[in-house]
Amino acid sequence: MRVRRATADDVSRIMDLERGSAPAAHWSRQQYESLFATSGPQSAERVILIAGDETAGVGSEIFGFLFARRVGVEWELENIVVAMRRGGTGRLLLTELITLARAAGGCAIFLEVRESNQDARAFYRRMGFDEACVRKLYYASPAENAVLCRLRLI
């Protein structure tokens, strides 16, 4: 398996994978396409990663994706979806993000996770994240608290 940066040509495959994952954040095509739009000087830097087969070229099958953004020295993991849990794809993607964030001088990565998503919370703890606080009723459909997690990079 190989990780590469995604392109706008990957949006359909990203959406297919996301739609097949019940716990994933569900975004519209327009939201996904806007991630690839050119950004102005005040915009956050985006990192969009795809995990795929060895060729991992545009049009090849993808096994997972990750979206993150940098604002100053902090990073936010916005969405991560894998086709098969416990297959190593999530670890591969998140490790690549951590490497990129450190190389860019980042001091921390933050994320929110549904309070009920025990598997994801355990995964993030294994990856070194601390649970910092709870955001009451952060999620809708269904309404649920979010746990804010932080990974210190320095």
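The following is a conversation about a predicted model of one chain.

Visitor: What do the numbers in this predicted model rest on?

Guide: Residues are numbered from 1 along each chain as its sequence is written. As the model is predicted, local features need pLDDT of at least 70 and side-chain atom pairs count only at pLDDT 80 or more, while totals for chains, interfaces and linings use all residues; side-chain values use heavy atoms, with hydrogens and water left out.

Visitor: What makes up the secondary structure of the chain?

Guide: Four helices and seven strands. Helices (H or I, at least four residues) and strands (E, at least two) are DSSP runs, numbered from the N terminus. Their order from that end is β-α-α-β-β-β-α-β-α-β-β.

Visitor: Why does the radius of gyration of the chain agree with that of a compact globule?

Guide: The rule, for C-alpha atoms, is 2.2 Å times the number of residues to the power 0.38. For 154 residues that gives a value near 15 Å, and the chain has 15 Å, so the two agree. The C-alpha trace spans about 40 × 35 × 30 Å along its principal axes.

Visitor: Why does M15 count as buried?

Guide: Buried means under 20% relative accessible area, exposed over 50%, and partly exposed in between (1.4 Å probe, protein chains only). M15 has 11% relative accessibility, so M15 counts as buried. Buried residues make up 40% of the 154 residues in the chain.

Visitor: Where does M15 lie, and which residues is M15 in contact with, leaving aside neighbours within four places in sequence?

Guide: M15 belongs to helix α1, residues 11-19. Contact means heavy atoms within 4.5 Å, and on that basis M15 is in contact with W27, S28, R29 and Y32.

Visitor: What makes a set of residues a nonpolar core?

Guide: The members are buried Ala, Val, Leu, Ile, Met, Phe, Trp, Tyr and Cys residues joined through side-chain atoms within 4.5 Å. The largest such core here has 25 residues, and L66, L77, L94, L97, I109, Y124 and F129 have the most contacts inside it. Helix α3 gives the most to this core, with five residues. Apart from residues up to four places away in sequence, F129 touches L94, I109, L111, Y124, C149, R150 and L151. A second, separate core has 15 residues, including L17, I48, I50 and V81.

Visitor: How many positive and negative side chains does the chain have?

Guide: Lys and Arg count as positive and Asp and Glu as negative, with His and the chain ends not counted. By that count there are 21 positive and 19 negative side chains. With each charge placed at NZ of Lys, CZ of Arg, CG of Asp or CD of Glu, the centres of the two sets lie 4 Å apart.
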